[in-house]
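Please consult the sequence and coordinates shown here alongside the text.

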Amino acid sequence: MAEPVVARKIYLRAYAALLGLTLATTLLAFLDMGRFNTIVALVIAVIQASLIAGVFMQALYESALVRVILGGGVLWFLILITLTMTDYLTRSR
Amino acid sequence: MAGMWIFLVTEIMMFGALFMAYAVYRLGHPLAFAAASRDMNIVLGSINTAILITSSLTMALAAAAAQEGGLRPAKWLLAATILIGAVFLAIKFVEYYLHYRDHQVPGFWFETNLPDPGGVQMFYVFYFIMTGLHAIHMIVGIGLLAALLIMTECGRFSRVYHSPVVVTGLYWGFVDIVWIFLFAIFYLPGLHLHG
């Protein structure tokens, strides 16, 4: 199995970005942005997760099979969230 | 490789159900969850996030070194990953102790002055179950890394055979991703109330 080895420089850039985003999400959370607090925190978390999966776990360089497996997992999770939220977010209070 | 990804997808299902349940309860008790989150230790939490990201870097570098057949750097990077992972767990357990001391563990001893004590208690139920499950994954990961370290020391890996290192790297990266989201949903929601 000959996986392509990513250049060390790319790992270090991803690492710097991950630390920067951790600092950013922590500082942004101190601002009162109403419902956008949650949205901003989750968007930054998704970006960080993508960096870890894509670069550190080399998902970007994987075969189509692995991409389908990963995509399937994420898709099923989104179905879980979306269908449940169609209920809980639309209830009259 | 694909096998480990399939396993990780089953892990997404397991943690995903917990995230889903958390979201439902947070929608039911938004103020209690924000107020409870304010009592999280953001200094320890954010430092631990940076620590775990650092361990993901050393793990990724260890896998890359193993792929190139560089067993010496791989060995040191694996050892560094174990050490940094252990520091994460140590800080996590300090946090658990502080919650225990402050009567924030759900159950008979639970105490809070916040409104909606039931909602606050549910926040801590999710906090302990989800970070606890994450900590168990970390302990398993450290065990796997220790086995890899011994195997590397015994010269079991080479440029041709190194899959165990790469596959464990996938697992370690996944555990880091879970923590990124745990940090976002437990530590961040109450910060704006400090102002």
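A residue counts as buried when its relative accessible area is under 20%. The structure is a predicted model. Ser56(B) has a relative accessible area of 2% and is therefore buried.

**Setting of Ser56(B)**

- Ser56(B) lies in helix α3 of chain B, which spans residues 42-67.

**Packing of α1(A) and α2(A)**

- Helix α1 (residues 8-28) and helix α2 (residues 36-56), both of chain A, pack at an angle of about 165 degrees, and their axes are 10 Å apart.
- Because of this angle, α1(A) is roughly antiparallel to α2(A).
- The two helices, α1(A) and α2(A), form a left-handed crossing.
- Residues that make the contact include Tyr11(A), Leu18(A) and Thr25(A) from α1(A), and Ile44(A), Gln48(A) and Phe56(A) from α2(A).
- The residues of this contact comprise 16 nonpolar, four polar and no charged.

**Largest nonpolar core**

- The largest nonpolar core contains 88 residues.
- The residues with the most contacts inside this core are Tyr11(A), Phe56(A), Met57(A), Trp5(B), Tyr124(B), Met130(B) and Phe186(B).
- Helix α6 of chain B (residues 163-187) gives the most to this core, with 17 residues.
- Apart from neighbours within four places in sequence, Phe186(B) is in contact with Tyr22(B), Ser37(B), Met40(B), Phe123(B), Phe126(B), Tyr127(B) and Met130(B).

Terms used
Residues numbered from 1 in each chain as written. Chains lettered and ligands numbered in written order. Predicted model: local features only at pLDDT ≥ 70, side-chain atom pairs only at ≥ 80, totals over all residues. Heavy atoms only, no water. Axes fitted to C-alpha atoms, helices over the stretch in contact; angles between N-to-C directions. Helix = DSSP H or I, 4+ residues; strand = E, 2+ residues; numbered from the N terminus. Parallel < 35°, antiparallel > 145°, perpendicular 65-115°, else oblique. Left-handed = near helix turned anticlockwise from the far one by under 90°. Contact = heavy atoms within 4.5 Å. Nonpolar A, V, L, I, M, F, W, Y, C, P; charged D, E, K, R; others polar. Core = buried A, V, L, I, M, F, W, Y, C linked by side-chain atoms within 4.5 Å. Buried < 20%, exposed > 50% of the residue type's maximum accessible area, 1.4 Å probe, protein only.
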